[in-house]
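Below is a short briefing on one protein model. Please look over the structure first, then read the points grouped by topic.

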Amino acid sequence: MKAVAWLLGVGTLVGAGIFTGLSVVRWEWNRAFFFGLVFLAAQMALATALVLKRLGEIQPEDGRRGGHELETLRSTRGDHVRFEWLRVDHREAVNRSSVFITLLVGSGVVLTGLAWALDKLGAATTDRRREERLADELRAIRYPEGGLLVDEATALAGGHSDAHADHVRAIIGDRRVR
C-alpha cells in the first residue's frame with residue numbers, strides 16, 4: 001500500500017510538471033497556474049512523507065535499530081530554552097509590548113521602503129526619448145489606418161472548393177467594408 005502511495009505521489013508530481021510545461025508552451029496561463037499549484041502540492045506532500053519516514057526510523061534505545069541515531073540527536077541538543085521571547089508572564093504582560101506588533105510595523109516599514117526603491121528604479125529606467133523610440137519601432141507592426149479591410153476577391157483567393165467560396169460569399173453578403 002505504501003508503494004502505491006509513493007507511486008501515486010511521484011506520478012502526480014511528474015504529470016503536473018509535464019502539464020505545467022505544456023500549458024506554458026501553449027500560453028494557457030490559468031491552466032499552467034493550476035498545474036503549477038498541483039505540482040507544488042505534490043512536491044510538498046512527498047517531501048513531508050520522506051521526512052516523516054526518516055523520523056519514523058529513529059527509535060528509542062532499547063536494542064532495536066535507530067538507537068544510536070537518537071542518542072546522537074539528543075547529545076547535540078543544547079540546554080537553552082528555545083523561543084524564550086515567546087513566553088509570556090501574565091503578570092507582566094500588561095507592561096510590555098508584544099514582539100509581533102514590532103515585527104509587523106518593522107516589516108511594513110521595510111516593505112514600504114522596498115516599494116519606494118522599486119518605484120524610483122522604474123522611473124529612472126525610462127524617459128520620454130525611450131518611449132518615443134519604442135513607439136517608432138512599434139509603428140512598423142501596427143494595423144493600417146482604417147483597420148483591416150478584406151474584399152471578396154481576397155477572401156475567395158484561397159483556392160478552396162466551390163462550397164467554401166459559397167460559404168464566404170454568404171458571410172460577406174452585403175456587409176462589405178467600404
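Arg129 and Asp127 form a salt bridge, with their closest N and O atoms 3.2 Å apart. A salt bridge here is a side-chain nitrogen of Lys or Arg within 4 Å of a carboxyl oxygen of Asp or Glu. The model is predicted, so local features need pLDDT of at least 70 and side-chain atom pairs count only at pLDDT 80 or more, while totals for chains, interfaces and linings use all residues. Residues are numbered from 1 along each chain as its sequence is written, and side-chain values use heavy atoms, with hydrogens and water left out.

**Salt bridges**

- The structure holds 3 salt bridges.
- Side chains of opposite charge can pair when their charged atoms come close.
- Arg129 counts as exposed because its relative accessibility is 65%, whereas Asp127, at 28%, counts as partly exposed. The cut-offs for relative accessible area are under 20% for buried, over 50% for exposed and in between for partly exposed, using a 1.4 Å probe and protein chains only.
- Arg139 pairs with Asp136 in a salt bridge whose closest N and O atoms are 2.1 Å apart. Arg139 is partly exposed at 45%, and Asp136 is partly exposed at 48%.
- Arg31 pairs with Glu28 in a salt bridge, and here the closest N and O atoms are 3.5 Å apart. Arg31 is partly exposed with a relative accessible area of 46%, and Glu28 is partly exposed with 28%.

**Helix H1 and Ser23**

- Ser23 lies in helix H1, which covers residues 2–25. Helices are DSSP runs of H or I with at least four residues, numbered from the N terminus.
- Ser23 counts as buried because its relative accessibility is 3%.
- The side chain of Ser23 reaches the backbone oxygen of Phe19 at 2.8 Å.
- Apart from neighbours within four places in sequence, Ser23 is in contact (heavy atoms within 4.5 Å) with Glu28, Arg31, Ala32 and Phe35.

**The loop and Trp27**

- Trp27 sits in the loop between H1 and helix H2, the latter being residues 29–57.
- Trp27 counts as exposed, with a relative accessibility of 65%.
- Most residues other than glycine have a negative phi. Trp27 is not a glycine, yet its phi is positive, at about 60°.

**Helix H2**

- How far apart are the end C-alpha atoms of H2? They are 42 Å apart, which agrees with the 42 Å that its 29 residues should span at 1.5 Å a residue. The expected span is 1.5 Å times one less than the number of residues.
- Ala32, Phe35, Ala42 and Leu46 are the buried residues of H2. What covers these buried residues includes H1.

**Aromatic rings**

- The structure holds 3 aromatic pairs. Rings of Phe, Tyr and Trp (its six-membered ring) pair if their centres lie within 6.5 Å; planes under 30 degrees apart count as stacked, over 60 as edge-to-face and the rest as tilted.
- Why does the pair of Phe19 and Phe35 count as stacked? The ring centres of Phe19 and Phe35 are 5.2 Å apart and the planes are at 25°, so the pair is stacked.
- Phe19 lies in helix H1 and Phe35 in helix H2, so this pair ties together parts that are 16 residues apart in sequence.
- Phe19 is partly exposed at 44% relative accessibility, whereas Phe35 counts as buried at 19%.
- Phe19, Phe34 and Phe35 are linked into a cluster by ring pairs.

Note on methods. Helices (H or I, at least four residues) and strands (E, at least two) are DSSP runs, numbered from the N terminus. A polar contact is a pair of N or O atoms within 3.5 Å; within protein, one must be able to donate a hydrogen and the other to accept it, and residues adjacent in sequence count only if both atoms are side-chain atoms.
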